[in-house]
Amino acid sequence: MTDTAVASRTPLTLLGTGAMGTALARVWLAAGHEVTVWNRTAARAEALAAEGARVAASAAEAVAANRLVIACLLDDTSVGEALDGISLAGRDLVNLTTGTPAEGRARAVWSEARGARFLDAGIMAVPPMIGAPGSGGYVFYSGSAELFEEHRDTLAVPAGTRYVGADPGFAALHDVALLSAMSGMFAGIAHAFALIRPEDIAPKDFAPLLVDWLTAMAPAAHQSAERLQSGDYTRGVVSNLAMQVAGNATLLRTAEEQQVSPELLTPYTELMERRLAQGHGDEDETGVVELLDTRRS
């Protein structure tokens, strides 16, 4: 890397040097950025100092050091506490702290009232994926489009970037929606392994079958999206709700036979039964979304 290339790198401040913050800082440092770091527990920033980071004695000192300020803290409350009483005038605040959509929107108003431009973010990666080519990790951003475009290259150094809109809450919403789907998948995986556990079936032999099956089923999300968009839950249905509810009885009986608790299955099967009882047997299961929307209840 030439001296000219290094000089063109945007200097930045990073608040928070936990596992994720440390991974981010190391990638920016390796790319030639000047990085000022601060952590409430100062000892956690010492390793980064040895790698070239400047360690600030206080959050105020860290914020004063650079226009671009990136927060990667425990939660939204931590962000408020770290920046309490600190001038943000003229700063660009990018919040990589995991939060809710409402927290992102409130933090945007809070930041702008203090003279800062604001971007909220949702990191779709774990620390080992940061800076790793081909890892698939990326970060959702929402809020000021101008701010995102100005710092796009810097933000893209540790992971891919996906701007999802001017609404500051959209990054967190995309993040949590995907994580929620992941949680449901993990619940299904846990139940599947629990079913085979009492038998002479090696989990390592079963795992490839499970992965292949889930991979084959994942594209159903596209069909669900089309039905939600059109409002027609009967279009192109292959296995309707009435058939699936009947089939669920076998899933629950098998769990009983294998002495496995059905508690990971029953919330969803009960929603399907409610939807069927409302007269929607010819639909697919996408219609359960209507039951989850509390605005309609």
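A: In this predicted model, Glu 263 lies in the loop that runs between helix H11 (241-257) and helix H12 (266-277). Its relative accessible area is 58%, and because exposed means over 50%, Glu 263 counts as exposed. Leu 252 is eleven residues away from Glu 263 in sequence. In space, the C-alpha atoms of Glu 263 and Leu 252 are 9.8 Å apart.

Next comes a pair of helices. Two packed helices are described by the angle between their axes and by the distance between the axes. For helix H5 (residues 76-83) and helix H6 (residues 101-113), the axes come within 11 Å and cross at roughly 15 degrees. Angles under 35 degrees count as roughly parallel, so H5 is roughly parallel to H6. The crossing of H5 past H6 is left-handed. On the H5 side, the contact is made by Asp 76, Val 79, Gly 80 and Leu 83. On the H6 side, Glu 103, Arg 107 and Trp 110 take part. Sorted by type, the residues of this contact of H5 with H6 are three nonpolar, one polar and three charged.

The aromatic rings are the remaining topic. The structure holds four aromatic pairs. One of them joins Tyr 138 and Phe 140: the ring centres are 5.1 Å apart and the planes stand at 85 degrees, so this pair is edge-to-face. Tyr 138 has a relative accessible area of 14%, which makes it buried. Phe 140 is also buried, with a relative accessible area of 5%.

Phe 193 and Phe 206 form another edge-to-face pair, with 5.9 Å from centre to centre and 70 degrees between the planes. This pair links distant parts of the chain, since Phe 193 belongs to helix H8 (residues 170-196) and Phe 206 to helix H9 (residues 203-217). Phe 193 and Phe 206 are 13 residues apart. Phe 193 has a relative accessible area of 26% and is therefore partly exposed. Finally, Tyr 141, Phe 148 and Tyr 163 are linked into a cluster by ring pairs.

Methods
Residues are numbered from 1 along each chain as its sequence is written. This is a predicted model: local features need pLDDT of at least 70, side-chain atom pairs count only at pLDDT 80 or more; totals for chains, interfaces and linings use all residues. Side-chain values use heavy atoms; hydrogens and water are left out. Axes are lines fitted to C-alpha atoms, for helices over the stretch in contact, and angles run from 0 to 180 degrees between N-to-C directions. Helices (H or I, at least four residues) and strands (E, at least two) are DSSP runs, numbered from the N terminus. Angles under 35 degrees count as roughly parallel, over 145 as roughly antiparallel, 65 to 115 as roughly perpendicular and the rest as oblique. A crossing is left-handed if the near helix is turned anticlockwise from the far one by less than a right angle, and right-handed if clockwise. Contact means heavy atoms within 4.5 Å. Ala, Val, Leu, Ile, Met, Phe, Trp, Tyr, Cys and Pro count as nonpolar, Asp, Glu, Lys and Arg as charged, and the others, Gly among them, as polar. Rings of Phe, Tyr and Trp (its six-membered ring) pair if their centres lie within 6.5 Å; planes under 30 degrees apart count as stacked, over 60 as edge-to-face and the rest as tilted. Buried means under 20% relative accessible area, exposed over 50%, partly exposed in between (1.4 Å probe, protein chains only).
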